[in-house]
Amino acid sequence: MSKSASRARLFEIIRRRSFGRGEVTLASGRKSDFYFNLKPTMMDPEGATLLAELTFETLKDDNLDFIGGLEMGAVPLAGALAQISWIKGHPIAAFFVRKKPKEHGARLAIEGLPKGETLAGKRVVIVEDVTTTGGSAMKAVESVRETGAEVVLVLTMVDREEGATDTFGAAGLPFRSLYKASEFLRA
């Protein structure tokens, strides 16, 4: 399937499984009359595959070492991308950032790395399922930067177009999205 056909098919899956209208309160605290819940798309076999393939195509030339982000939205995306990157012969490892470190075991804030390995000096992309203001992704950016990693990009599947571009711009971070909310609102 061509990239444009994959993008069109994924758009339909997101529209059908993950986009809705109705009043909701967003993670940012704002009220909205539409929402995206990408979990049903990320957990769908075709949706997960298309998300991973399109994400890989978007990132393959960025010379990345790792992809990850804040739990829960980044976990299925990072895992699927790691798998497809291996299949395509250009491996990008995955991790995720806990909202707060576990209170038992190793008490890690960043999960997915083997003992003794860190993100220090690595080129990292922060990934998110849906981005509103960018606040959640910035928490992941801060945690990853504290390890000494270089955050080279923030990538979201859907940009709600409600301030994230400004947030990341102010932080000196490039920001990309696979889709914009306005595409779904016009459909």
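Student: In which helix is the place of Ile84?

Tutor: This is a predicted model, in which local features need pLDDT of at least 70, side-chain atom pairs count only at pLDDT 80 or more, and totals for chains, interfaces and linings use all residues. Residues are numbered from 1 along each chain as its sequence is written, and side-chain values use heavy atoms, with hydrogens and water left out. Helices (H or I, at least four residues) and strands (E, at least two) are DSSP runs numbered from the N terminus. Ile84 belongs to residues 74-87, helix H4.

Student: Is Ile84 buried or exposed?

Tutor: Buried means under 20% relative accessible area, exposed over 50%, and partly exposed in between, with a 1.4 Å probe and protein chains only. Because the relative accessible area of Ile84 is 11%, this residue is buried.

Student: Which residues does Ile84 touch, not counting residues up to four places away in sequence?

Tutor: Contact means heavy atoms within 4.5 Å. With that sequence limit, the residues touched by Ile84 are Ala52, Glu53 and Phe56.

Student: How far apart are the end C-alpha atoms of H4?

Tutor: The expected span of a helix is 1.5 Å times one less than its number of residues. H4 has 14 residues and should therefore span 20 Å. The separation of its end C-alpha atoms agrees, at 20 Å.

Student: Which residues have the most contacts inside the largest nonpolar core?

Tutor: A nonpolar core is a set of buried Ala, Val, Leu, Ile, Met, Phe, Trp, Tyr and Cys residues joined through side-chain atoms within 4.5 Å. The largest has 36 residues, and those with the most contacts inside it are Phe36, Leu38, Ile67, Met157, Val158, Tyr179 and Phe184.

Student: Which residues are closest to the centre of the largest pocket?

Tutor: On a 1 Å grid over the protein atoms alone, a pocket is an open set of points where a 1.4 Å probe fits, with protein on both sides within 12 Å along at least five of seven lines; lining residues have an atom within 4 Å of a point. Grid points are joined across faces, edges and corners, and a volume is the space filled by probe spheres set on the points. About 550 Å³ of space lies in the largest pocket. Of its 28 lining residues, the closest to the centre are Ala27, Glu128, Asp129, Val130 and Ser136.
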